[in-house]
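Student: I have a protein model open and would like to learn how to read it. Please take me through some features one by one.

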Amino acid sequence: MRVNRILLSSALVVVALVVQVSVLSRLHLPGAVPDILLLTVLGLAMVYGHVGGALVGFGAGLLADLAPPADHAAGRYALVLCVIGYGAGLIKPENGRLKSATGPMVVVVAAAIGSTMLYAGVGALVGDTAARHVGLASLLLTAAVYDLLLAPFVVPGIMALARRAENDPLSESGSGTKATDLSSGWLSSGTGLRIGGQRGGLGSLKTKARTRTTRVGRIKGVKRL
């Protein structure tokens, strides 16, 4: 990954994790907890692609596994977000811009449901049966609703920051200078000189025609005399 991607992703993941632990996890909402860390990974993955999304998801999940008050095995959420980031990165458009909000909203719902099921499945493999006591159906429904309501306030901003970080101002100014040079060169070496030459040629032709007309008039006047 590029340096600007690493710096931006690290900053956004840390901020999202702090908000997740200090604010959202203390709301005591029924069912699941709104997952702003998941939404951050989704926003970055839909700009960076599947490889970048997988790397960002793994790093974010590992940080969440190690951050207190984590009470599960380390690497469990890292695996979940790595898979989710990879899947979300597969829908990245070629030009990096999405035409409508329908696609991202569908991705958010699918990621909320998929991450909850995958987390519960990995927990079942390691002997964690907490999801059974809470109710998997309730977790799936509330996770999808909460993340869908939070997504419009998180995902577009994350994607905008990621796109802006992808654009290098130096390369943009260089390309603008090249375009100016190319346009000025095209005007000076191509059409401009030709048009100027044609105008100059027309002017000289008019001057020559006037001179000939004057000479003919003088000759006729001499003959009449």
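Tutor: Start with a charge and a ring: the charged end of Arg 76 sits over the ring of Tyr 119, 3.8 Å from its centre. The rule asks for NZ of Lys or CZ of Arg within 6 Å of the ring centre and within 35 degrees of the ring normal. Before going on, note that this is a predicted model, in which local features need pLDDT of at least 70 and side-chain atom pairs count only at pLDDT 80 or more, while totals for chains, interfaces and linings use all residues. Residues are numbered from 1 along each chain as its sequence is written, and side-chain values use heavy atoms, with hydrogens and water left out.

Student: How many aromatic pairs are counted by the rule?

Tutor: A pair of aromatic rings is described by the distance of the centres and the angle of the planes. Rings of Phe, Tyr and Trp (its six-membered ring) pair if their centres lie within 6.5 Å; planes under 30 degrees apart are stacked, over 60 edge-to-face, and the rest tilted. Here the count is 1 aromatic pair. The ring centres of Tyr 77 and Tyr 119 are 6.0 Å apart and the planes stand at 85°, so this pair is edge-to-face. Tyr 77 is in helix H3 (residues 76-89) and Tyr 119 in helix H4, 42 residues apart, so the pair links distant parts of the chain.

Student: Is Tyr 77 buried or exposed?

Tutor: Buried means under 20% relative accessible area, exposed over 50%, and partly exposed in between (1.4 Å probe, protein chains only). Tyr 77 has 11% relative accessibility and therefore counts as buried, while Tyr 119, at 24%, is partly exposed. Of the 225 residues in the protein, 32% are buried.

Student: What does the secondary structure come to?

Tutor: Helices (H or I, at least four residues) and strands (E, at least two) are DSSP runs, numbered from the N terminus. This protein has 7 helices and 0 strands.

Student: What should the 24 residues of helix H4 span?

Tutor: The expected span is 1.5 Å times one less than the number of residues. For helix H4 (residues 102-125) that gives 34 Å, and its end C-alpha atoms are 34 Å apart, which agrees. An α-helix has 3.6 residues a turn, so residues three or four places apart point the same way. Buried residues in H4 include Val 107, Val 108, Ala 111, Ala 112 and Ser 115.

Student: Which residue is 118 residues along the chain from Thr 40, yet 6.5 Å away?

Tutor: That is Ile 158, with the separation taken between C-alpha atoms. Thr 40 lies in helix H2 and is buried, at a relative accessible area of 2%. A further case is Ala 165 in helix H6 (residues 136-166): Ala 165 and Asn 4 are 161 residues apart in sequence and 6.5 Å apart in space, C-alpha to C-alpha.

Student: Where is His 28 placed?

Tutor: His 28 is in the loop between helix H1 (3-22) and H2. His 28 is not a glycine, although its phi is positive, about 55°. With a relative accessible area of 71%, His 28 is exposed.

Student: Which residues form a nonpolar patch on the surface?

Tutor: Val 14, Val 18 and Leu 63 do, with about 230 Å² of accessible area together. Leu 63 lies in helix H2 (residues 36-66) and is partly exposed, at 36%. Like charges are joined within 9 Å, and nonpolar side chains (Val, Leu, Ile, Met, Phe, Trp, Tyr) within 5 Å. Accessible areas come from the Shrake-Rupley method with a 1.4 Å probe; for residues, only the protein chains shown count as cover.

Notes:
Patches are made of residues with over 30% relative accessible area and no salt bridge: like charges are joined within 9 Å, nonpolar side chains (Val, Leu, Ile, Met, Phe, Trp, Tyr) within 5 Å. A salt bridge is a side-chain nitrogen of Lys or Arg within 4 Å of a carboxyl oxygen of Asp or Glu.
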